[in-house]
Amino acid sequence: MHAIALRIRPTSALTFRVLPGSILDIATYPFVPPTTLSGWLRRLFWAQEGLLPPDQREGNTPRFYVLPRRYLPLGAYPVGEWRVHRTHRHGPRAFTHSEFSRLRREGKPPKGGDLQLHTWEYLLAEEFLGAVLAEKEEDLRRLQGLVGYGAKLGKEGFAYLEAVGEPLEVRLEEGDAPFTPVRAEAWGGAIQGAYPLYRFRFGEAEDPDPASPDPSPVIGYEGAYFVLPRGRGLAKGFSLEGRFFAWDLVEFLWARASGGSSS
Amino acid sequence: MASGLTPKGEALYHWDIYALLYAPQEVYFGHETQVNVNLIETVSLPDGSERVYLSPTKRRGVERRALLYAPVERNGQHLYLTDLLNCGIPNTCGRENCPVCRVYGALVTERRGNTERTTFIGRLTHGGGVSIPAWQPLEKQRAMHPSDLRRESGEEPQPFRRQYGAPGLLFPVYNHVLAASEREFRAVAYAFLASLPRLGAGNPKGLDLYEDETFGPYLVLDRYKAPLGRRVVLPPTLKDPGEALAEFRRRAEDAPEGEALFQRHRGRAALEALRRLAKAFVEEDLPALASAS
């Protein structure tokens, strides 16, 4: 197993919506979730090829564009200064009326014809350190060609890939200050927060090449609760660019490869 | 209708009134009272000057009242329009056929009898009011004298101080109406002209259109579908009255001639047009309202 480090530079505030959640509370993960990173890297492959992102409104079936199963993106985590900024906004409840442009309104507004207060969180971070694992070194080398490309990242915001490290052989070891989420049930120390993380459930079809415009054979998500540790606590994992990536996430994400085809 | 208004068979236009008012005497626009000093409302400009301010919200209030107190006759009974319509301030009626609410807007916050909660967005908006030149407010000593012929102790005159805006101050003011028929605009024309003698708090009251021989009254009236003419708006940084008048004239000239989508009246012609509309409001619209109610 090999690992490669990604240095991701956001150019704006970012929102990675935590689901399940409330429609009135748009909360963000304080990091780039693994599934989001997968789709974002797919966009960078397109950018490199000069392809435009597909129109996802076409047709009725949701389509997924993610990295092939041979890649294992572990997400990306803020390094340096970061914080979550929470704002309050008024927003329309429904979009099927024209109450807000009426010159004269009489009586009760139609259903959904009023404003509702909601909150929105933005992740403000200087830089993210991400990691992608793969069995073969040459798969990871392809990511080095994506340096300098950028794409929409998350629900709101943009980031570009500033630098990519060299692929390294992963050496499992014990660490005492995990940089990444660990399984909630296995962690006894202090935490920064608890988050549902997801992996893709793949269908039977073969993965398309990441640079191709074809959708991935994803048929859904499978989730598990993780916590982001605060401070010290023993965990199994590996070191990359001086940070300790916990193995829990790899085990969770890797489990998908056992089902479906292992390309 | 998505707008909430029933369409009528009359053409809709945007309307603008631009005017330069002057104070023929001292003026007072109430701001706040400190201990025994009645302050006049002013605004501070980035250049450090403090200007007497004829707040557009105050003009709006005076205009709306001018309409509410318009005399109207129904079956030999002489009424104010406010009594005929049962529409006042702040208890606006918000009815679609109310000539006041139609342009000034209305808010009925709760259901009263068979009147539903109503929001009526006013299409008439007011601007301007920063005086030229940068003359400081004057502070004067006044006193309220009891009218007693024989005075006992404790009934001495009450002294107070009041600030005034100086005579001769110029106030550029603007009224804009969004997409309204000529019939709807008649009420605006009436209110604009009828409000002039009543601007100001307490006494003395009243402003008037500045006038000179070449331009006539400093008044511009636009009726348009497309915004093709220069808005006759003066930058608040202008301090010199002569420059302000020249700028008003320059902008007033900056409009297309013979253009179907934009019609501009200036000076005397603008005043005549407003008078014609105000007259139609009194002669046609008020009796029609009286016979309909």
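The coordinates come from a predicted model, and every value given here is computed from them.

Two packed helices are described by the angle between their axes and the distance between the axes. In chain B, helix H4 (residues 182-195) and helix H6 (residues 267-292) have axes that come within 8 Å and cross at roughly 110°. Angles of 65 to 115 degrees count as roughly perpendicular, and H4(B) is therefore roughly perpendicular to H6(B). On the H4(B) side the contact includes B:Phe185, B:Ala189, B:Tyr190, B:Phe192 and B:Leu193, while among the residues that H6(B) brings to the contact are B:Leu271, B:Leu274, B:Leu277, B:Phe281 and B:Val282. Charged residues take part as well, including B:Glu182, B:Arg183 and B:Arg186 from H4(B) and B:Arg275, B:Glu284 and B:Asp285 from H6(B). Divided by class, the residues of this contact are 13 nonpolar, no polar and 7 charged.

H4(B) also packs against helix H1 (residues 56-68) of chain B, where the axes again come within 8 Å and cross at roughly 110°, so H1(B) and H4(B) are roughly perpendicular to each other. Here B:Arg59, B:Val62, B:Glu63, B:Ala66 and B:Leu67 of H1(B) meet B:Ala187, B:Tyr190, B:Ala191, B:Phe192, B:Ala194 and B:Ser195 of H4(B). The contact of H1(B) with H4(B) holds 8 nonpolar, 1 polar and 2 charged residues. B:Ala187, B:Tyr190 and B:Phe192 are among the residues of H4(B) that meet H6(B), and they are also among those that meet H1(B).

Rolling a probe the size of a water molecule over the atoms shows where empty space is left. The second largest pocket, with about 620 Å³ of space, leads on from these helices, for H4 and H6 of chain B each supply at least two residues of its lining, as do helix H2 (81-85), helix H3 (99-104) and strand E13 (170-181) of that chain. H6(B) gives the most to this lining, with 5 residues. Of the 27 lining residues, B:Lys8, B:Asn97, B:Arg102, B:Arg183 and B:Glu184 lie nearest the centre of the second largest pocket, and by class the lining has 14 nonpolar, 5 polar and 8 charged residues.

The largest pocket holds about 910 Å³ of space, and 26 residues line it, with A:Thr35, A:Thr36, A:Gly154, A:Lys155 and A:Tyr221 nearest its centre. Helix H1 (34-49) and strand E11 (191-202) of chain A are the elements that give two or more residues to this lining, and the largest share, 6 residues, comes from H1(A). The lining of the largest pocket divides into 16 nonpolar, 5 polar and 5 charged residues.

Strands of a sheet pair through backbone hydrogen bonds, either parallel or antiparallel. An open sheet of 3 strands with antiparallel pairing runs in the order E4(A)-E9(B)-E8(B). Strand E4 (104-106) of chain A and strand E8 (106-108) of chain B stand at its edges, each with a single partner strand, so one side of each is left without a neighbour in the sheet. Neighbouring strands of this sheet are turned by 5° against each other on average, direction ignored. E8(B) and strand E9 (residues 118-120) of chain B pair over 3 bridges, with B:Val108 opposite B:Thr118.

Elsewhere in chain B, strand E6 (residues 71-74) and strand E7 (residues 77-80) pair in the antiparallel sense over 4 bridges, and B:Arg74 stands opposite B:Gln77. These two strands form a hairpin with 2 residues between them, and B:Asn75 in the turn has a positive phi of about 50°.

Terms used:
Residues numbered from 1 in each chain as written. Chains lettered and ligands numbered in written order. Predicted model: local features only at pLDDT ≥ 70, side-chain atom pairs only at ≥ 80, totals over all residues. Heavy atoms only, no water. Axes fitted to C-alpha atoms, helices over the stretch in contact; angles between N-to-C directions. Parallel < 35°, antiparallel > 145°, perpendicular 65-115°, else oblique. Contact = heavy atoms within 4.5 Å. 1 Å grid on protein atoms, 1.4 Å probe; cavity = no way out; pocket = protein on both sides within 12 Å on 5 of 7 lines; lining within 4 Å. Points joined across faces, edges and corners; volume = space filled by probe spheres on them. Pairing = 2+ DSSP bridges.
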